[in-house]
Amino acid sequence: VAARLEDTGEDVRRAAVEALAQLAEKSDHHAIIAVAARLEDTHWSVRRAAVEALKTLAEKSDLHAITAVAARLEDTNRDMRNAAVEALAQLAKKGDHCAITAVAACLEDTGVFVRRSAVEALAQLAEQG
């Protein structure tokens, strides 16, 4: 399955990412690295599948997954930025200053759904008080 992550077909790469999320053990470092690499794919649907897969594969506070997903907050695709905000809320621990800072920057995003997701994510990530 992992070999198909480099397939020339967008749908094949997306399917390979989704399959890895189902087949690999949680916290499988090799699977996380392979899936995170697809966050740089030329097709947004593959990048989106990679974000969703990382939510399944990575443990909360997995630095590699958080760093890779946070980079997608600058994606040109609004839906991809929204998915990245939602994933950070799930991957980062409450009080994670780096995640909070990255998500807070999305409060100024041009996309209304990205801004809404940022507000919701901050409610999950910020400490009370």
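Is aspartate 109 buried or exposed? In this predicted model, where local features need pLDDT of at least 70, side-chain atom pairs count only at pLDDT 80 or more, and totals for chains, interfaces and linings use all residues, aspartate 109 is buried, with a relative accessible area of 12% (buried means under 20%, exposed over 50%, partly exposed in between, with a 1.4 Å probe and protein chains only). Residues are numbered from 1 along each chain as its sequence is written, and side-chain values use heavy atoms, with hydrogens and water left out.

Aspartate 109 sits in the loop between helix 6 and helix 7 (helices are DSSP runs of H or I with at least four residues, numbered from the N terminus). Its side chain reaches the backbone nitrogen of glycine 111 at 2.7 Å, and, leaving aside neighbours within four places in sequence, aspartate 109 is in contact with Arg81, Val114 and Arg115, contact being heavy atoms within 4.5 Å.

| Salt bridge | N to O distance |
|---|---|
| Arginine 4 – aspartate 7 | 3.3 Å |
| Arginine 13 – aspartate 41 | 2.6 Å |
| Arginine 48 – glutamate 52 | 3.5 Å |

Because arginine 13 lies in helix 1 and aspartate 41 in the loop between helix 2 and helix 3, this pair ties together parts that are 28 residues apart in sequence. Arginine 13 is buried at 7% relative accessibility, as is aspartate 41 at 4%, and Glu6, Arg13, Arg38 and Asp41 are linked in a network of salt bridges. Arginine 48 and glutamate 52, by contrast, both lie in helix 3, 4 residues apart.

Definitions and conventions:
Helix = DSSP H or I, 4+ residues; strand = E, 2+ residues; numbered from the N terminus. Polar contact = N/O pair within 3.5 Å; in protein donor to acceptor, adjacent residues only side chain to side chain. Salt bridge = Lys/Arg side-chain N within 4 Å of Asp/Glu carboxyl O.
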